[in-house]
Amino acid sequence: MRVITQQALGGPEVLTIVNAPEPQPLPTEVLVRVKAIGLNPLEARLRAGEFPLIGRPPFILGWDLSGVVDQAPQTWRFRPGDEVFGMPLFPRAASAYAEVVSAPALHLARKPASLSHVEASALPVVGLTAWQGLVDLGDVTEGDRVLVHGGGGGVGHVAIQIAKALGAHVTTTAGGSKRKFVEGCGADEVINYTAVDFTKAVRDIDVVLDTIGGDTVERSLEVLRPGGHLVTAVAEGDAELAANYRAAGMRFSGIAVDPDPLALRGLVELVEQGKLRVHVQETFPFERVADAHRMLDGGHLQGKLVLTV
């Protein structure tokens, strides 16, 4: 099989395609013939060596995948031929930039028939992050006022839809060029952060979901109602910031996304109900992974990027 690996840290050019032996599934694992691989900004940071989550090279990046079960020798959860998707093993290496992946069956779900493999591969990381932030940590319920920072991005555009499905009134920050996109995702109010200070435009928010970081997290304290909740997918390790929120009588939570089978099934239910879709900005063939990573490095994406296998 072919895999995308790297022998050194650096720019997109360090990603190379080589042949490797197929993995062998352990008990409770399945072997998946990969059809599509979702790309995430985290992977560009790991490639460049910004932090050593999975150690030093050589390694194979990737977690988001969709494909077809090839072998399921010691698990009752799936059978050969089943179409599955998921985010296995995170934060340990899942080595999903490959034609074949061995993954715990518990970390996968059956692909909804309404989603292509490309769409399904784009959903797990962003979907689980948004679900865990809004449902598990934020406890968003009908009538809540939710602010999603970065509504045009991968996590953000899915978070808008999940919050709407929960019955919330959703405000989002997004660049002017993404207004129609986020409104199409269900946003009730859109704040163009390039022209308007969000702290002057919104008040009495129950839950803020932050996907941006920087001073956006600190300034979000100004828009929360008393006892409101900031959930961040970026600044989860900032102890000083957390202390500032708690001193002001607010709640502060950080998301370290994990492969939650219950949340994955929850995402599937929303997809099947027609309440959730994932937007893929562009697809790249397996051989053009370096081009895909150059686009990742550029930022300001609308939705997700996907490799096809």
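The following legends describe close-up views of a predicted model.

**View 1. Packing of helix H3 against helix H4.** Helix H3 spans residues 124–137 and helix H4 spans residues 154–165; their axes come within 8 Å and cross at roughly 50°. The two helices are therefore oblique to each other, and the crossing of H3 and H4 is right-handed. On the H3 side, the contact is made by Val126, Gly127, Thr129, Ala130, Trp131, Leu134 and Val135. H4 contributes Gly154, Val155, Val158, Ala159, Ile162 and Ala163. Sorted by class, the residues in the contact of H3 with H4 comprise 10 nonpolar, three polar and no charged ones.

**View 2. Packing of helix H3 against helix H9.** The axes of H3 and helix H9 (residues 261–272) come within 10 Å, with a crossing angle of roughly 100°. Because angles of 65 to 115 degrees count as roughly perpendicular, H3 and H9 are described as roughly perpendicular to each other. Gly127, Leu128 and Trp131 form the H3 side of the contact, while Ala263, Leu264, Gly266, Leu267 and Leu270 form the H9 side. Six nonpolar, two polar and no charged residues take part in the contact of H3 with H9.

**View 3. Surroundings of arginine 33.** Arginine 33 is located in strand S3, residues 29–39. With a relative accessibility of 30%, arginine 33 counts as partly exposed. Apart from neighbours within four places in sequence, arginine 33 is in contact with Glu22, Gly67, Val68, Asp70, Glu99 and Val100. The side chains of arginine 33 and glutamate 22 are joined by a polar contact of 2.9 Å. Between arginine 33 and glycine 214 there are 181 residues of sequence separation and a C-alpha to C-alpha distance of 39 Å.

View 4. The peptide bond from proline 57 to proline 58 is cis, and its omega is near 5°. Proline 58 belongs to the loop between helix H1 (41–48) and strand S4 (64–71). Phenylalanine 90 and proline 91 are likewise joined by a cis peptide bond, with omega about 10°. Proline 91 is placed in the loop between strand S5 (83–86) and strand S6 (100–104).

View 5. Serine 95, in the loop between S5 and S6, is a residue other than glycine with a positive phi, near 55°. Its relative accessible area of 25% makes serine 95 partly exposed. Aspartate 139, in the loop between H3 and strand S8 (145–149), also has a positive phi, near 50°. Aspartate 139 has 51% relative accessibility and therefore counts as exposed.

Methods:
Residues are numbered from 1 along each chain as its sequence is written. This is a predicted model: local features need pLDDT of at least 70, side-chain atom pairs count only at pLDDT 80 or more; totals for chains, interfaces and linings use all residues. Side-chain values use heavy atoms; hydrogens and water are left out. Axes are lines fitted to C-alpha atoms, for helices over the stretch in contact, and angles run from 0 to 180 degrees between N-to-C directions. Helices (H or I, at least four residues) and strands (E, at least two) are DSSP runs, numbered from the N terminus. Angles under 35 degrees count as roughly parallel, over 145 as roughly antiparallel, 65 to 115 as roughly perpendicular and the rest as oblique. A crossing is left-handed if the near helix is turned anticlockwise from the far one by less than a right angle, and right-handed if clockwise. Contact means heavy atoms within 4.5 Å. Ala, Val, Leu, Ile, Met, Phe, Trp, Tyr, Cys and Pro count as nonpolar, Asp, Glu, Lys and Arg as charged, and the others, Gly among them, as polar. Buried means under 20% relative accessible area, exposed over 50%, partly exposed in between (1.4 Å probe, protein chains only). A polar contact is a pair of N or O atoms within 3.5 Å; within protein, one must be able to donate a hydrogen and the other to accept it, and residues adjacent in sequence count only if both atoms are side-chain atoms.
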